[in-house]
Amino acid sequence: MDFHKGEYVELATGQTGYIAVVDNNSLITQFVIKILTPAFDKGKIKIVNIQRFESPASIFTQIGCHKFRGDKIEAVALDPYSTTTPLPVIQDKLNELVEAVNQINERLGG
């Protein structure tokens with residue numbers, strides 16, 4: 001994936017901004033991000049390094065028009081023969097986690 005100066009970014013921390021500098025070498029890609037939101041961070045600079053084989057999704061939720069994470073996490077159904085824990089217990093716990101993450105994303109404006 002190519003990254004360009006001026007592209008809008010959303011970080012996993014909830015901050016938004018734009019790429020001021022991209023420095024690529026064989027080991028890492030370094031980004032200098034100019035922060036726009038939240039207001040108390042506006043104008044600050046954040047330096048982000050991504051190792052060559054690391055996914056940008058570990059740090060960014062969006063770069064330009066490319067979203068790394070969906071807006072909602074969907075609940076999952078498990079095969080009842082794959083575990084000794086009762087299926088309803090597992091599904092209830094997973095659904096609690098899904099609901100909690102979706103509520104956090106809504107609060108963050110995601």
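This is a predicted model: local features need pLDDT of at least 70, side-chain atom pairs count only at pLDDT 80 or more; totals for chains, interfaces and linings use all residues.
Residues are numbered from 1 along each chain as its sequence is written, and side-chain values use heavy atoms, with hydrogens and water left out.

**Exercise 1.** Find which residues the ring pairs link into a cluster.

*Solution.* Start with the rule: rings of Phe, Tyr and Trp (its six-membered ring) pair if their centres lie within 6.5 Å; planes under 30 degrees apart are stacked, over 60 edge-to-face, and the rest tilted. The count is two aromatic pairs. Phe3 and Phe31 have ring centres 4.9 Å apart and planes at 85°, so this pair is edge-to-face. Next, Phe31 and Phe60 are also edge-to-face, at 5.3 Å centre to centre and 75° between the planes. Together, ring pairs join Phe3, Phe31 and Phe60 into a cluster.

**Exercise 2.** Work out which side chains of β1 (8-11) are buried.

*Solution.* First, the terms: strands (E, at least two residues) are DSSP runs, numbered from the N terminus; buried means under 20% relative accessible area, exposed over 50%, partly exposed in between (1.4 Å probe, protein chains only). Finally, look at the bridge partners: Tyr8 has Tyr18 in β2, and Val9 has Ile63 in β5.

Note on methods
Helices (H or I, at least four residues) and strands (E, at least two) are DSSP runs, numbered from the N terminus. Two strands pair if DSSP finds at least two bridges between them.
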